[in-house]
Amino acid sequence: MYLFKLRYALYIFILITIYFNPVYSAEKIELLKQNWSFKGITGKFDRASLQRGYQVYTEVCASCHSMRLLSYRNLGEKGGPEFSVDQVKAIAANFEVEDGPNDQGEMFIRPARPSDRFVSPYPNKQASIVANGGAYPPDMSVLVKARKGGADYIYSVLMGYEDPPSNMQLDDGVYYNKFMEGKKIKMSNPLSDGLVEYADGTSATQEQMAKDITTFLTWSAEPHLETRHKTGLRVIIFLIILSILVYFSMKRIWSRIDPEV
Amino acid sequence: MSEHTYTPSSKFGKWFNDRLPLLTLSDHLINYPTPKNLNYWWTFGGILTFCLVTQIVTGLVLAMHYVAHADLAFDSIEHIMRNVNYGWLIRYIHANGASMFFLAVYIHIFRSLFYGSYKSPREIIWILGMLIYILMMATAFMGYVLPWGQMSFWGATVITNLFSAIPLVGESIVTWLWGGYSVDNPTLTRFFSLHYLFPFIILGLVVLHIWALHVPGNNNPVGIDIKKPSKDTVPFHPYITIKDLFALLIFIIIFSGFIFFSPNILGHPDNYIPANPLVTPTHIVPEWYLLPFYAILRSVPDKLGGVVLLFASLLILLALPWLDSSKVRSAVFRPVYRIFFWVLMIDVFALGYVGAMPAEGLYLLIARVGTAYYFLHFLVVLPFLSRIEKTDPLPLSISEPVFTGMPKPELMRSDNRFK
């Protein structure tokens with residue numbers, strides 16, 4: 001009887017796996033898979049990597065890419081880069097935002113505060129398109145979740161710049177990247193060895209920077225990932241224990257009628 | 001409602017119950033005689049009730065923070081994910097809850113198909129169930145539009161455009177649905193309004209569904225009529241409640257796996273890109289639970305034809321109790337029907353698979369064959385089969401034949417047939 005049920009369950013399981021696999025994980029080019037610290041059910045962010053990632057963002061990416069959904073205060077929150085309160089204040093103070101109107105009815109410029117959103121490099125989307133030769137540099141707040149392959153994809157694109165094959169003609173401002181759709185990208189290779197000087201002394205290789213910025217972007221897309229993993233583990237352990245208790249209660253109750261449920 | 005009269009023990013209880021028989025209702029629900037041989041496929045009714053309540057409760061909280069405006073919707077969702085206390089949890093429950101709801105409803109429907117639960121005297125239960133299912137699809141579709149991501153926008157565009165295929169008035173209907181000349185803010189606000197309303201209509205239908213169920217009582221894996229109450233039945237509480245609870249917990253464990261460890265696997269990455277009317281995604285695909293119907297829609301080169309088939313594929317289900325006139329309910333005793341049941345199941349999975357693929361080449365061929373079989377199954381196979389099929393002998397009751405020595409004692413428990 002149990003065998004029978006298992007067999008049924010197996011059929012369903014096989015059908016479901018066959019069903020979902022090709023639909024959602026069809027990826028023609030094999031991405032560069034990294035052993036991310038935030039993968040898996042107990043995955044956490046590497047704090048130092050997040051802080052370095054922020055440095056890469058602000059020194060490299062931020063000249064074109066906005067992150068309009070984040071606030072400076074997020075940088076100090078638990079589960080994130082966890083900069084100290086003073087560091088966050090200092091970071092925010094580097095930026096200027098327009099505020100107002102003041103009591104004279106005029107807009108004014110003031111240094112940013114931790115409660116302000118990340119200052120965007122361009123006043124609006126159209127301006128960013130014009131400044132980048134017709135290509136829109138996407139907002140990076142949820143970029144990792146907005147791309148198939150997630151963190152691996154972002155990392156792969158950053159590491160995927162190569163010389164184009166000889167039979168391929170590229171227009172001005174278009175670059176070859178083997179992980180992009182159509183193998184073309186309008187962003188030049190943003191990273192190179194030694195481009196930034198890490199505050200913590202880590203050697204800034206291209207690979208290291210790609211890893212750090214990807215970690216940072218994963219956090220920005222999913223700032224509560226650590227809480228989610230921690231809560232999830234507790235919830236599931238609780239549910240398993242409860243299920244076992246309910247199972248034996250059920251056995252006992254049904255034993256009054258029929259030894260087999 | 002109850003077969004036996006119930007008198008509350010307290011004086012106040014009696015006074016109250018004479019005026020509003022809530023205690024009689026609760027007594028009925030507690031003692032409701034249920035076949036004792038129900039297997040775990042029967043626990044999905046309770047699971048679905050849980051899903052509906054979960055969606056309503058999480059939806060209420062989300063609606064407190066969500067802003068239904070084309071310029072603000074996407075950001076308000078991100079506000080929920082980032083700033084609202086446990087907003088990420090509530091939203092992931094709601095988003096994955098829709099998928100789990102459909103997973104459960106598909107199991108529930110296929111269980112009904114296998115054991116013939118739609119047959120007399122349970123036709124109304126089946127029809128109510130199908131109406132719930134259709135409303136669920138509408139609700140889920142509109143819910144998917146609310147985050148106002150790329151798939152939201154383009155999904156809404158594709159689906160609402162279907163109505164333009166209607167001759168003469170099609171274009172006007174689409175304009176009316178949109179509240180303008182394209183999918184835009186008015187579309188979003190009305191979808192939000194209806195997305196909020198429909199679950200309560202579903203809730204009402206669920207009450208009727210359960211009410212209609214409690215008139216003839218549950219079908220069972222053997223599919224025969226049983227005396228109620230009798231040796232073949234157990235009171236709903238505690239026997240069925242504890243079993244439903246156990247199954248529900250297993251279901252919630254799987255549900256939690258999605259929520260906490262891969263909350264976005266069932267969604268489309270493009271929906272984290274804000275809606276942009278100027279950029280069309282390469283492949284516009286609906287959520288997985290709508291894919292079989294999407295495949296049927298695209299299998300016809302003619303737009304109107306596709307739309308007609310799409311609606312026909314749903315409406316045909318309402319007529320199922322009359323298309324299949326076999327007196328034997330359970331597929332356990334219908335050796336030929338059983339084969340076609342599995343063929344239909346594979347067919348629906350195949351349709352779902354090609355629904356996610358581009359409509360070209362081999363995929364299109366599979367979609368066409370699959371669509372043809374889908375209609376053939378209901379319109380030709382079932383009516384003929386129910387007339388010519390030689391069914392296996394039925395046991396007299398769930399428990400008795402074991403003692404009186406039926407000619408085919410191995411049929412007593414459905415399970416033995418597959419060992």
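**Exercise 1. Describe the secondary structure and overall dimensions of chain B.**

Solution. Chain B contains 16 helices and two strands, where helices (H or I, at least four residues) and strands (E, at least two) are DSSP runs numbered from the N terminus. The model is a predicted one, in which local features need pLDDT of at least 70 and side-chain atom pairs count only at pLDDT 80 or more, while totals for chains, interfaces and linings use all residues. Residues are numbered from 1 along each chain as its sequence is written, and chains are lettered from A and ligands numbered from 1 in the order in which they are written.

Next, consider the dimensions. The radius of gyration of chain B, taken over C-alpha atoms, is 24 Å, close to the 22 Å that the globule rule (2.2 Å times the number of residues to the power 0.38) gives for 419 residues, so chain B is as compact as a globular protein of that length. Along the principal axes, its C-alpha atoms fill a box of roughly 75 × 60 × 45 Å.

**Exercise 2. Which residues have the most contacts inside the largest nonpolar core?**

Solution. A nonpolar core is a set of buried Ala, Val, Leu, Ile, Met, Phe, Trp, Tyr and Cys residues joined through C-beta atoms within 7 Å. A residue is buried if 20 or more other C-beta atoms, placed from the backbone, lie within 10 Å of its own; in chain B, 40% of the 419 residues count as buried.

The largest core has 77 residues, and those with the most contacts inside it are Ile47(B), Cys51(B), Phe101(B), Ala104(B), Ile296(B) and Leu351(B). Helix 5 (residues 87-115) of chain B gives the most to this core, namely 13 residues.

Now take Ala104(B). Apart from neighbours within four places in sequence, Ala104(B) is in contact (C-beta atoms, placed from the backbone, within 7 Å) with Phe44(B), Ile47(B), Leu48(B) and Cys51(B). A second, separate core of 40 residues includes Tyr57(A), Cys61(A), Ala92(A) and Phe118(A).

**Exercise 3. How many residues does each chain give to the contact between chain B and chain A, and which element of chain B gives the largest share?**

Solution. Chain B gives 33 residues and chain A gives 37 residues. On the side of chain B, the elements giving two or more residues are helix 4 (73-82), helix 10 (236-261) and helix 14 (335-355). The largest share, 13 residues, comes from helix 10 of chain B.

By class, this side of chain B has 22 nonpolar, three polar and eight charged residues. Here Ala, Val, Leu, Ile, Met, Phe, Trp, Tyr, Cys and Pro count as nonpolar, Asp, Glu, Lys and Arg as charged, and the others, Gly among them, as polar.

Notes. Contact = placed C-beta atoms within 7 Å. Buried ≥ 20, exposed ≤ 12 C-beta atoms within 10 Å, placed from the backbone.
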